[in-house]
Amino acid sequence: MATGLAAASEAREHRPPDFSEADAFARAALDAGEIPSAAYAIARNGVVLHAAAVGTADRERRIAASLQTPYALASLSKPITATALRVLQHASGLSLDAPIQELLPALAPENGQADPPQGVTLARLLHHTAGLGTYARIHYGEAIEAAAARASMAQRPYLRTVQTPGRIAEYSNLGYGLIGDAISARSGVSFERYLQRAVFTPLAMRDAFVAGTHAHAGAVAYDASLTPIGPLWNDTPGAGNVFASVDDLLRFGAFHLDPSRFEAMLARLPEAQVMAMRGPDPDGAAHPLYGEAWYGQGWYVRGPVAAPQQLWHEGGMPGASTLLALYPEQGLVLTVLVNRSEAQPFVQALAERLLRTAWPEAPALGLDPIAGFAALSTPTRFRGDWAGTVTVDGQARSVRLQIDPEGESRFEYLSGVDGETTPTVRTFQAIVRENSLVSAVQGPWRSADAPDGAAALLLKLSLRDDDVLEGALVAYEGPQRLRLLLPFALRLQRVAEAPGSAAVER
């Protein structure tokens, strides 16, 4: 009897995981009209444990989703762009510490514009520590061609540091857009062609491509009501214009777990350099919006620096919600792709079901960007009156900030276009973590690139030496049809109190 029990126990241990719960969850979301389609898979040490696709990649033409369907990756493009840059570095001797203007002379000042940002290097762009602000621009339909023709000039006003380079990690699509430009400039071919040559072909990512301004064969983008969005284009291709299938991402993820299995790619990027992409930035920048994780080179990373427990990246933009996660100790690669806006909760929940089935003891998946933040409700070093400027359309506009944790905090700014500005006062609530402050402020906001107005503003500030706040005011329009995230450099100085007044608590 004991022998029989032992045999039964051993059989259970070697029984393939049952992923029926994950499949049922995906099918239920599809039947409820929550998603148009989903393609997903999980593999261990190169062996696919489970893979499936449900729904239609193109509802109007009734084209079923498959494991070979290219989906828009959105920001999941970034680890692919970072990998391409490391391939180029290895092949050409490119220095990651070179100032970006050495690679992109077009950033040189012209027509009286400000000097190019100092301290911005490829290494800092990879780690999001170059000091650039939060930026995105999505163009739709007939506006795409004209937008693409002027993309570099349109970005130019925002290619300035809002934080001191090397000090704070702030996620920046502009930074990865510059990496894409640098790859093209140094390689002598387009960004799209270089990714094909340096990453897609050697890894046999047969369905992958970089979306341009013309029609393509990828999954159709849908909004939250499952209405087709139509053609759209992100003006920082290195940050978010890659399409790839589940099959492609399994291979890409497996390469980053065990490069030795991919001889064609290993010849382009040695294993030591692949592993280096997991490491933290050399400046030791603060990562206030990354919870307990950090940002390596194209990857969010969690766990000990010497042996990271998890590498992952998410992606989200109109018509795309995506995830790729790697678990080095377990040899696991997990990916979920959906062609719908704002479907990240579904992506996360499906990924959790796949992961727990394969590895019941798995750590939490994903990122809580405000972990460690607390409401600004008690006296802090941020308390007091602040005065300074925000740079808008090449001009410095006066702003004031009054921070009273125990009362009403106020933000005063000017909004308008072509000199026609209107004073605006808004009250706000904020959250803080160490030297960082984040708040959402109701608009309106109008500038040359947002003439119709943006309804929401984000304040993202950091405290320096107790007397300076630096960061950005970010004009935001979205999320269902995200059109813009525009960072305007903001710098404030603490206003000295009159003699005899109460001292600011620090």
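Modeller: What follows goes through the sheets, then the cores and a helix pair, and then a histidine and a hairpin.

Modeller: This is a predicted model, in which local features need pLDDT of at least 70 and side-chain atom pairs count only at pLDDT 80 or more, while totals for chains, interfaces and linings use all residues. Residues are numbered from 1 along each chain as its sequence is written, and side-chain values use heavy atoms, with hydrogens and water left out.

Colleague: Okay, what is the strand order in the open sheet of eight strands?

Modeller: The order is E3-E2-E1-E13-E12-E11-E10-E9, with antiparallel pairing; strands here are DSSP runs (E, at least two residues) and helices are runs of H or I with at least four residues, numbered from the N terminus. Two strands pair if DSSP finds at least two bridges between them. The edges are strand E3 (63–64) and strand E9 (294–295), each of which pairs on one side only.

Colleague: And how many bridges hold E1 and E13?

Modeller: Strand E1 (residues 37–44) and strand E13 (residues 332–338) pair in the antiparallel sense over seven bridges, and alanine 38 has valine 338 in E13 as its bridge partner.

Colleague: Which helix packs on that sheet?

Modeller: Helix H14 (residues 344–358) does, touching E1, E2, E11, E12 and E13, where contact means heavy atoms within 4.5 Å. The direction of H14 makes about 150° with that of E13; axes are lines fitted to C-alpha atoms, for helices over the stretch in contact, and angles run from 0 to 180 degrees between N-to-C directions.

Colleague: What about the three-stranded sheet, which strands are at its edges?

Modeller: That open sheet has the order E4-E8-E6 with antiparallel pairing, and its edge strands are E4 (71–72) and E6 (209–210). E4 and strand E8 (residues 242–244) pair over two bridges, with phenylalanine 243 in E8 as the bridge partner of alanine 72.

Colleague: Switching topic, which residues touch the most other members of the largest nonpolar core?

Modeller: Leu122, Val199 and Leu401 do, out of 136 residues. A nonpolar core is a set of buried Ala, Val, Leu, Ile, Met, Phe, Trp, Tyr and Cys residues joined through side-chain atoms within 4.5 Å, and buried means under 20% relative accessible area, with exposed over 50% and partly exposed in between (1.4 Å probe, protein chains only). A second, separate core of 18 residues includes Ala136, Ile138, Ala221 and Leu485.

Colleague: At what angle do H3 and H9 pack?

Modeller: Helix H3 (residues 78–92) and helix H9 (residues 191–200) pack at about 80°, with their axes 10 Å apart. That angle makes H3 roughly perpendicular to H9, a label for 65 to 115 degrees, whereas under 35 counts as roughly parallel, over 145 as roughly antiparallel and the rest as oblique. Among the residues that meet are Ile80 and Leu88 in H3 and Tyr194 and Val199 in H9.

Colleague: Is histidine 127 buried or exposed?

Modeller: Histidine 127 counts as buried, because its relative accessibility is 2%. Histidine 127 lies in helix H5 (residues 122–127), and its contacts include Ala169, Asp281 and Tyr295.

Colleague: Last one, how many residues sit between E19 and E20 in their hairpin?

Modeller: The hairpin has two residues between E19 and E20, and glutamate 434 in the turn has a positive phi of about 50°. Four bridges join E19 to strand E20 (residues 436–447), which run antiparallel, and alanine 430 stands opposite serine 439 in E20.

Conventions. Lists of a residue's contacts leave out its neighbours within four places in sequence.
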